[in-house]
Amino acid sequence: MENIDMNNRYSALASLVYNMDKPVGRSFGDVEYYRARLQECGGPVLEPAVGNGRVYVPLREAGIDVDGFDASEEMLAYGREACQARGIVARLSQQTFETFHYDRRFAAAIIPAGSFQLITDGNDALAFLRRLHAHLLPGGRLIIDIGGIDGLFGSAAPARSWKTAEGDLLTLLDHRAEPDYVSQTTSAYLRYERWSRGALLESELDLFTLRWWGMQELRLALEATGFSDVIVSSDYVFGQAPGKNTGTMTFEARRGG
Ligand SMILES: C[S@@+](CC[C@H](N)C(=O)[O-])C[C@H]1O[C@@H](n2cnc3c(N)ncnc32)[C@H](O)[C@@H]1O
């Protein structure tokens, strides 16, 4: 899976499917959780990998001051459209985990939906945590979700389809590759297609790779990059310790002094 051009790209069809499947406001418990955790943060918030604004827009609607960036212009376009439809001035830019930069510092940064796992190299992940640390105000908080292990080791998702407004059929086929235990990654060939009356109009391949993290490993990574007071919660109940049947783990940490 070395082809960077096709890796975790979220191109046109992938973004269209994401926006139909997970539109603005669709919550997995995360929208309410982040809204509650940020209510008292008293300063600007950053959402890296903001995507189509699924979480961003409800936070802005709740009066929280959020900036977002994403590598995919196609995903950002849905976010901008959703903001415009609600009379919100979008503060969204095309930037990446690797090189993002803001002149202002944030009181909090949030990474919902397991997006942190899209950084497939462990050292790149540490560099990203350091860059985030530098963008936080003293005492600022970082909140990161890690998705359930089923998404990495379970069987591939069954074929799925959606109908577009024009009556076309969008299909998504997920073919898993073997997990790589050295790099701690699982890859999938995600093939998106658009069909009309039995004819294939478009197809797109996303080489989708996620890195898995042990609970203790990510705690240590946060501490090694300057964070402290790490609290790990499960399934969007703050302070609820993760257990064998946990789906999502949420890590919250603080930038010291
Ligand atoms: C699962 S979506 C999450 C979107 C949104 N945060 C949400 O909760 O619904 C992951 C996002 O990560 C973005 N992404 C992937 N690689 C990236 C990178 N290197 N830098 C910034 N964003 C990236 C994708 O474009 C995509 O929009």
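Predicted model: local features only at pLDDT ≥ 70, side-chain atom pairs only at ≥ 80, totals over all residues.
Colleague: Which charged ends sit over the rings of phenylalanine 100 and tryptophan 213?

Modeller: Arginine 131 has its charged end over the phenylalanine 100 ring, 5.8 Å from the centre. For tryptophan 213 it's arginine 211, at 4.3 Å. The test is NZ of Lys or CZ of Arg within 6 Å of the ring centre and within 35 degrees of the ring normal.

Colleague: How many aromatic pairs does the count come to?

Modeller: 15. Phenylalanine 153 and tyrosine 181 make a stacked one, 6.3 Å centre to centre with 15° between the planes. The two are 28 residues apart, phenylalanine 153 in helix H6 (residues 150-153) and tyrosine 181 in the loop between strands E7 (169-176) and E8 (185-196). Helices (H or I, at least four residues) and strands (E, at least two) are DSSP runs numbered from the N terminus.

Colleague: Is tyrosine 181 buried or exposed?

Modeller: Exposed, at 60% relative accessible area. Tyrosine 181 also pairs edge-to-face with tryptophan 212, at 5.6 Å and 70°. Tryptophan 212 sits in the loop between strand E9 (199-211) and H7, so this pair ties together parts 31 residues apart in sequence. Tryptophan 212 itself is buried at 11%; the cut-offs are under 20% for buried, over 50% for exposed and partly exposed in between (1.4 Å probe, protein chains only).

Colleague: Switching to H7, which residues there are buried?

Modeller: Leu218, Ala221 and Leu222, in a helix spanning 215-224. They fall within an arc of 100° down the axis, so they line one face; the arc uses directions from the helix axis to the C-beta atoms.

Colleague: What do they pack against?

Modeller: Helix H5 (122-134) and strands E5 (136-146), E10 (227-234) and E11 (249-255), with contact meaning heavy atoms within 4.5 Å.

Definitions and conventions. Residues numbered from 1 in each chain as written. Heavy atoms only, no water. Phe/Tyr/Trp six-rings, centres within 6.5 Å; stacked < 30°, edge-to-face > 60°.
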